[in-house]
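Here is a short report on a protein model.

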Amino acid sequence: MKHGIHFFDHSVLTTAIQDFTAVIKEDTSNAQARLYRGRAYAKQQQYRNAIQDLAAAVHLDPSCWLAFYYRGCILRQIDPKRAVQDFSVSVLINDTRENFRSFLHRGIVYSEQCQWSLAISDFKSVLALDSSVIFAYLNIGLILLLHLDQYYEAIRQFTNAIEIDPLNVQAYICRAQAYRKIHNLPNAVKDINRAIHLYPNKSQLHLLRGQYLMELKKYELASLCIHQLAEMDEESFTSQPVRQALIQSFCQNHDKAIECLREATTIQPEPSVFVILGKIQMKAKKTKDAVRSFKKAMKLLMTSAKILPNTFEAAEIYYLTGLCRMEQKSLLQACDAFSMAIRLHSSYPDAFYQRGLCRMQLRQAKCIQDFSRALALCPSHFQAYMSRAAYYGSKGRYSKAILNCNEAIKIIPNSVRAYFYRGTLKYQNKTFKAAVEDLSKTIDLDKTCILAYYNRAVCYHQIKDFRKALKDYGILLLLELSKEIAFKVLINRGLLYVELGDYANACEDFKEATLLSPDDSQIFQAIGICYHRLHEFEEAVRSFDQVLKLDPVSVDAYVGRGNSYMENGHEAGCKQAQKDFLRAIHLNPKCLKARICLGYNLQALGKLQRAWSQFTVAICIDPKCHAAYDGRASVCLQAGETFAAFQDTNAALKLTTTAPLLTNRGVINQLMGYLPCAMKDYQQAISVDPNYALAYFNAANVYFHNRQFSQAYCYYSKVLELDPRNKSAVMNRAITNTLLNNIEEAKEDFEKAICLCPCSAAVYFNRANFFNGLKQYELAEKDISTALSIQPNDALMYKFRADIRGKLGFNKEAVEDYKQAISIQEQIDSM
């Protein structure tokens, strides 16, 4: 036995086998002899004999982990399943450092079976037993790099391998590829340079360095790499024109590559050379020349009967011809070429896919069949799923389109395009929150994806998350945008600001948009509306003027400018507004907005009959226009036709129920003396819109009239919560507080009233009355004097001051005030 082991260790295998055979003849149950003879047979590639001996060794000694290990090594290629079983038994018997190779080989088998997680687990077990095994680091890194897209972790594994063996070329090459995946090209180039330093004659490394330098847009250095490659093996380089052409094409020197291949076709006219020539001509955008090259290749492939063989090579030529025809926009010819490729090679998924694209552009429903056929042949065809999603999306079948995007994402889990398109489909499907999730994932994958930010902002706008929408629009405007997208972003953000009531910012966005599209009248219209809301009426007029320069027949611009003139409050502005409303009606006699505005304009000028006529015409044009009924009601009310106003307001309320209309009807009921009905209308108005201040104010006045001062106080307070600068509400609450004997609160309210309207005689008169009740006659006399300085011809106020002065003992001044009061009253009576 020792004799046999000695020869085995020195690789004298025939003698060793003879010795082990002699031992087995002497002792058939010797497991060690069977093990060594099996290993010797394996080294001589007599695998059948080796397996028999190793099986016998296992049978004789079930705890012999080496027998299981070596049998697993032999079975690894021919029976992977049994090999995994043998390695598993081996590590079960012995899981120490001595047997780390069983883990290693089992990991390799798992890798070949695409069981990535199990393979990684075994390689990690190897490293746990022996951290110096570089092969394990490399295998873990390659699985992470090529199959699991975990590039950063892959880099870490390759770095571990390099730390153990700084001269390992494969580790540098693999790490360079991982760096390239994360777009860290400078580090990728560094690693390739290290590999070249270790193996300077490896031409493939020079090609890789050239490729990375090209991607870094360092074209001169890339070109230098190719020239170095040529110099390394000049004879081989020049004697192989196809290789030379490919290198020139790689350097983007397509013309030189084409010239080189044309020379090759004259010397060696083979179909494959013409195909390569055609491919390079396609890269050079010379599609007509490429088609001619492919035709020559077809002629060479034809048999004596002028029939193309049913081979992939022939099918590929038609496929490439189809791509050229698509580039030339000759879709029918492209479709025929792809059909021919499919006829020659029926299992050609890319041909089905491209024919599907042609048919989709030709609006042929059969395109979906081609996409499905491509997926049946190649279930991992990402582009086919995406194109099928695009087809269903174009037909409005968003759910089916989303399902196809789901399948595409399973194939490429981090596809920016798939997440972005699925997000847009979910937006179309009105599932905005789900769309936001996909678009956010898109942005996580590509921080500069402009359309993802834009669409996410639109989604946030739809779900009323205005803060996030504004943030996305703001980010977009910091990026380099095309003129078209920048314009849309400014318009959308401006509209969002309008929705938020922030007309100042909206106006700024619209003004910036005019710089990108100075001839768009709609933007100036929007600017005019913003200025109108900001009470900057002169600026609004100028904006509407600009609209009318660009579009002289814009009805909306005339109406907008007319309203801005009206807001100026003087007669000249009202007359100018009237002209604009009339022009708008002249351009469009059925424009309700213009007629209603003209009606209010005529009412403001005191032309009640003409105003009534305009509202009536508006009602005739559209009997369901509640604004026209409301306008006519206000004219009737001003003309003293209370019942007619009541009828029109009721007609408006039948069409729509709003707080202003209900409040108006309450006012009419109040004027007719129907206070319970008026109060009912005000309360209904409050229930329709709890933030409508005028309804609270009118209800408070009814409570005050009915001497329900506590309720009146509560309602006036509610008015001031909604509208803190409401002068009438402040003064009325001050009077109410006076009547409720809330002295301090009344003082505060009178102070607020004077701050809000310091030129109001009524405020000073009422506070004088308040001080008089408190017997603070000096303060009362001061306030009534201020009231008289504002409104000097009021007999009642002179009489009131005379009373106060009498109480102060100023009899002479009191007599003069009484005389003045009598004089003013006599003048009034004589008129």
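The report starts with the whole chain and ends with a single side chain.

This is a predicted model, where local features need pLDDT of at least 70, side-chain atom pairs count only at pLDDT 80 or more, and totals for chains, interfaces and linings use all residues. Residues are numbered from 1 along each chain as its sequence is written, and side-chain values use heavy atoms, with hydrogens and water left out.

**Overall.** The protein has 49 helices and 0 strands (DSSP runs of H or I, at least four residues, and of E, at least two, numbered from the N terminus). Of its 831 residues, 47% count as buried (under 20% relative accessible area, 1.4 Å probe, protein chains only).

**Pockets.** A pocket is an open set of points on a 1 Å grid over the protein atoms alone, where a 1.4 Å probe fits, with protein on both sides within 12 Å along at least five of seven lines; lining residues have an atom within 4 Å of a point. A volume is the space filled by probe spheres set on the points.

| Pocket | Volume |
|---|---|
| Largest pocket | about 390 Å³ |
| Second largest pocket | about 300 Å³ |

The lining of the largest pocket includes Asp149, Lys181, His183 and Leu445. In the second largest pocket, helix H34 (555-567) supplies at least two lining residues, as do H32 (521-533) and H36 (592-604). H34 gives the most, with 6 residues.

**Asn737.** This residue lies in helix H44 (residues 727-739). Asn737 is buried, at 0% relative accessible area. Beyond neighbours within four places in sequence, Asn737 contacts Tyr713, Asn742, Glu745, Ala746 and Asp749 (heavy atoms within 4.5 Å).

Methods
Buried means under 20% relative accessible area, exposed over 50%, partly exposed in between (1.4 Å probe, protein chains only).
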